[in-house]
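Welcome! Please take a look at the sequence and the 3D view before reading on.

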Amino acid sequence: MKTESEIENLLRQAPAPAPSPELGGKLKNAVHLPQSTNGTDLNLGGAFWRRWLPAIGYAVMVLGCVVVLAVQNHRQSAVVQQLEKLREDITLKEQQIEMQRDQTRLALAADARIKSLQDNATEADQLAATLAELQALIAKLTTEATDLEAKLAVVPDSNEVIAPYDFFNDPNGPMQKAREEVDSTKCVNNMKRIGLAFRIFSNDNDGLFPPNFNSMANELSQATVLCCPKDESNRMLAERLFDFVQPNGPKDDWSDWKAAWARWPINGGSYEMLGANLNRNDPVVDRKIVAKCRFHGHVTYGNGAVIRGDTLGGLQP
Amino acid sequence: MSDPTSQLIHRAGNGDRAAAGELIDQFHPLIYAYLRRLTGDTSDAEDLTQQTFSKVWQSLKKFEGRSTVSAWLHGIAYHAFADWMRKRRPTENPDAGWWEACPDPLKPFDEIADRDSAATVWSAADQLPDDLRQTIHLHYYQELTLKETADALGIAVSTVKFRISKAIGQLQKELAEPGLKSAASKS
């Protein structure tokens, strides 16, 4: 086996192929050299530039950057100064605008004040005119008063006293109307009690109604029921006759009550007896009038219903 | 940049055709040999040599003297070969061995065994991967130093050392088991 040095020796002893003799001439004929530059100084200069060009280029770039930064810094300073100036101008403008606004507000307020004063003046004029009218009216009234005084001086004095308005006793006043309404309602109640007395009586007498009001003394209890509030004479009579009656007195002590009824006239009172001796078993009787108020015109039917004389509506029993 | 070869570059860069002629005379056999070994064809090698020098004339101003002129020229030739490889396929039937184009290539070797070993090594070197093959060609065939080889290929010196070690190891295996790789490649 060959050692490394032996192989290296074999390699170093390799022959070199020789070129053809014409190759050298071809190469010389094909020489294209660059343009000649006289002297070697430039060449040395070229070497100088090749050596220092990167450093010089870097230095120039750095210097350029510094210059650019300086210029930009200068411009920035100028821009900042300009900005400050613009801010000051803006502040000044704002102050001016605020002053103009204040002036505008003052002018508007002055206008409003002037308008208010004008309105006041107009109102004063109107008041003055009204005052003049009033003065004229006063003068006229004064004249009339003077005339009346003159007339009074001519007419003799009379002792006639004009009564003040009596609200409670005015025959056409609301109080009188209210009283009449109360009397009418009391009358309706009396007639309802009379209708009920008719029905009770008929129940105890095979459906027959009584021949007169006095027959229903037990059902009516007192003759005051037979008196309309407007019938003052009968009412005073009934109250006088039945004044003794004790509603809760002993049942066997009815002598005065009987005497009172004995003294009460047949069918006496304010109501007209129209259902005497009618038979309630007759269905027609329910629709017949059995009693009627001579003052209000209220009526009582056979079924006990009461109809007010001054209305079309009816009251249920 | 004080060495004479670098001065030739700068003179040519300044339009000195004489300096350009001197550069051609000095380096075109070397570049041609490099490209001839790689391409395996004479005409392709000549074309690439012309392309290489054409690019040299265009790049004279870019030479900064960081590497030797030889490494710089080999770098240009290497890139020209790489472009050529990308644009066209290699010759279908390249020479069986580039060394056969040389007059009496095995003359330095006295023993027959060494001659066989040399041909085997050279042939095996051409079968190496491209990165290893380029490194072997530049360092051993073109006799560039490790630094020059690294400059020409645009890689680090440590990478050159690694590639050489790896390539030598593979060549050792090839010599120990001749035909193993070719048989594997055929299968």
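The report below goes from the model as a whole to single residues.

## About the model

This is a predicted model, in which local features need pLDDT of at least 70, side-chain atom pairs count only at pLDDT 80 or more, and totals for chains, interfaces and linings use all residues. Residues are numbered from 1 along each chain as its sequence is written, while chains are lettered from A and ligands numbered from 1 in the order in which they are written.

The model scores ipTM 0.86 and pTM 0.45. The pLDDT is the predictor's confidence in each residue, from 0 to 100. For chain B its mean is 86, and 89% of the residues of chain B reach 70 or more. Residues 182-187 of chain B have a pLDDT below 50, and this stretch has zero contacts in the model beyond near neighbours in sequence. Two residues are in contact here if their C-beta atoms, placed from the backbone, lie within 7 Å. Where pLDDT is low, the predicted coordinates should not be read in detail.

Chain A has seven helices and five strands. From the N terminus on, its elements run α-α-α-α-α-α-α-β-β-β-β-β. Helices (H or I, at least four residues) and strands (E, at least two) are DSSP runs, numbered from the N terminus. Of the 317 residues of chain A, 16% count as buried. A residue is buried if 20 or more other C-beta atoms lie within 10 Å of its own, exposed if 12 or fewer, and partly exposed in between, with C-beta atoms placed from the backbone.

## Two loop residues in chain A

A:Asp206 is found in the loop between α4 (174-204) and α5 (217-220) of chain A. Although it is not a glycine, A:Asp206 has a positive phi of about 55°. A:Asp206 is exposed because 9 other C-beta atoms lie within 10 Å.

A:Ser221 sits in the loop between α5 and α6 (232-241) of chain A. Its phi is also positive, near 70°, in a residue other than glycine. With 15 other C-beta atoms within 10 Å, A:Ser221 is partly exposed.

## Inside chain B

Helix α1 (residues 4-13) of chain B has several buried residues, including B:Leu8, B:Ile9 and B:His10. This helix is followed by B:Gly15, whose phi is positive, near 95°.

B:Thr39 lies in helix α2 (residues 17-39) of chain B. Is B:Thr39 buried or exposed? B:Thr39 is buried, because 22 other C-beta atoms lie within 10 Å. Leaving aside neighbours within four places in sequence, B:Thr39 is in contact with B:Asp44, B:Ala45 and B:Leu48. B:Thr39 and B:Phe81 are 42 residues apart in sequence and 8.1 Å apart in space, C-alpha to C-alpha.
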